[in-house]
Amino acid sequence: MKIGILNGGGDCAGLNAVTRSVVKQAEEFGWEIVGIRYGWEGLLNADSVKLSFREVQGIINQGGTILKSSRTNPIKRPNGVQSIIENVEKLGLDAVICVGGDDTLGVANHLYHKGLKIVGVPKTMDNDLSNTDYTFGFDSAVNEATHMIDNLRTTAESHDRVFIVEIMGREAGWVAAYAGIASGANMIIVPEEPFDIEEVTLFVKTRHEKGEKATVIVVSEGATLRNMKEVDQGKVDEFGHARLGGIGQFLGEEIEKRTKYDTRVAVLGHTIRGGSPTAFDRVLSTRFGLAAVQLIRDGKFGMMVSLRGTKITGVSLEESTSKTRTLDPEILDVIKKVSF
Ligand code: F6P
């Protein structure tokens with residue numbers, strides 16, 4: 001057997017840990033394994049590199065991806081799907097492990113229906129993939145963000161300032177919610193519940209009048225104003241996603257204008273996506289990688305490895321990629337109950 005592994009979409013912490021455990025398990029089965037570089041772009045170009053445990057043994061704690069990644073969508077490229085099918089054959093691959101979020105795994109599902117032997121591994125700091133309790137990369141992003149919000153709180157208190165902290169996560173507020181709860185943010189604004197600028201202003205003023213001169217508001221990059229008109233999304237990537245960001249700046253300016261309180265904005269951006277994975281993500285990635293190779297051994301193609309409770313299992317790629325998993329109502333309730 002010869003199998004390939006690729007990483008697609010935005011990188012996140014834990015990708016290298018998956019590669020490492022995939023190689024380990026494949027070698028134990030006596031299989032050959034190659035890394036496909038730059039995600040789907042690599043399969044369009046037959047760009048691969050042979051992997052052995054020797055090369056990957058020291059990478060469990062490394063952020064980013066040694067395989068590199070891209071946001072290439074082969075379905076959008078002329079003859080893209082056919083080129084991939086041909087290159088899989090040219091590289092002599094019996095199966096491919098695709099490590100990615102909903103975009104990459106959506107393509108994987110499409111190619112599975114075109115006859116490729118594919119399994120998926122759920123990756124994204126956004127944690128917005130259906131059919132798994134967690135994606136790897138999420139816990140690491142939450143821990144980085146929590147640490148930074150803790151730091152911002154100390155400077156906010158020293159200067160009696162309002163701080164707006166903008167956090168990535170696209171249309172789902174998982175990272176903002178978890179990091180905001182964990183750092184004791186005063187208010188958390190997520191895309192799942194559009195906000196009213198008057199209410200946010202009133203919240204900050206009320207705190208001030210009660211003597212709380214420092215306020216930390218965490219806002220998810222995909223948050224929107226209630227009754228906001230459709231805005232032109234500008235340039236979009238091959239999967240149709242706009243580059244988000246700017247809501248934090250908007251909120252900061254509005255709050256300062258309306259309250260006259262000294263306000264600062266911090267955009268955490270990619271800082272929380274990079275860096276070393278947490279122990280939780282290293283273990284989850286390792287388990288996912290091993291399970292992905294086992295799915296191939298069992299001939300379970302068109303499946304994705306998934307965490308359900310404490311167990312790793314296999315679920316359908318189709319179901320996992322059919323809709324974005326937004327925040328649980330229970331977490332939305334926690335957010336409301338801990339705002340102060
Ligand atoms: O999907 C992961 C993610 O980090 C989102 O949270 C963010 O909106 C997006 O990727 C940023 O993409 P890029 O790295 O292409 O700027």
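Q: What is the distance from an oxygen atom of the ligand to an N or O atom in the side chain of Asp126?
A: The distance is 2.7 Å, and a polar contact is a pair of N or O atoms within 3.5 Å, so this pair counts as one. The model is predicted, with local features needing pLDDT of at least 70, side-chain atom pairs counting only at pLDDT 80 or more, and totals for chains, interfaces and linings using all residues. Residues are numbered from 1 along each chain as its sequence is written, and side-chain values use heavy atoms, without hydrogens and water.

Q: Which residues are around the ligand?
A: They are Arg71, Met125, Asp126, Met168, Gly169, Arg170, Glu221, His270 and Arg273. A residue is listed if one of its heavy atoms lies within 4 Å of the molecule.

Q: Why are helix 7 and helix 12 called oblique to each other?
A: Helix 7 (residues 174-182) and helix 12 (residues 329-338) pack at an angle of about 40°. Angles under 35 degrees count as roughly parallel, over 145 as roughly antiparallel, 65 to 115 as roughly perpendicular and the rest as oblique. The pair is therefore oblique.

Q: What makes the contact of helix 7 with helix 12 nonpolar, polar or charged by class?
A: Ala177, Tyr178 and Ile181 in helix 7 meet Ile331, Val334 and Ile335 in helix 12, where contact means heavy atoms within 4.5 Å. Ala, Val, Leu, Ile, Met, Phe, Trp, Tyr, Cys and Pro count as nonpolar, Asp, Glu, Lys and Arg as charged, and the others, Gly among them, as polar. The contact therefore has six nonpolar, no polar and no charged residues.

Conventions
Axes fitted to C-alpha atoms, helices over the stretch in contact; angles between N-to-C directions. Helix = DSSP H or I, 4+ residues; strand = E, 2+ residues; numbered from the N terminus. Polar contact = N/O pair within 3.5 Å; in protein donor to acceptor, adjacent residues only side chain to side chain.
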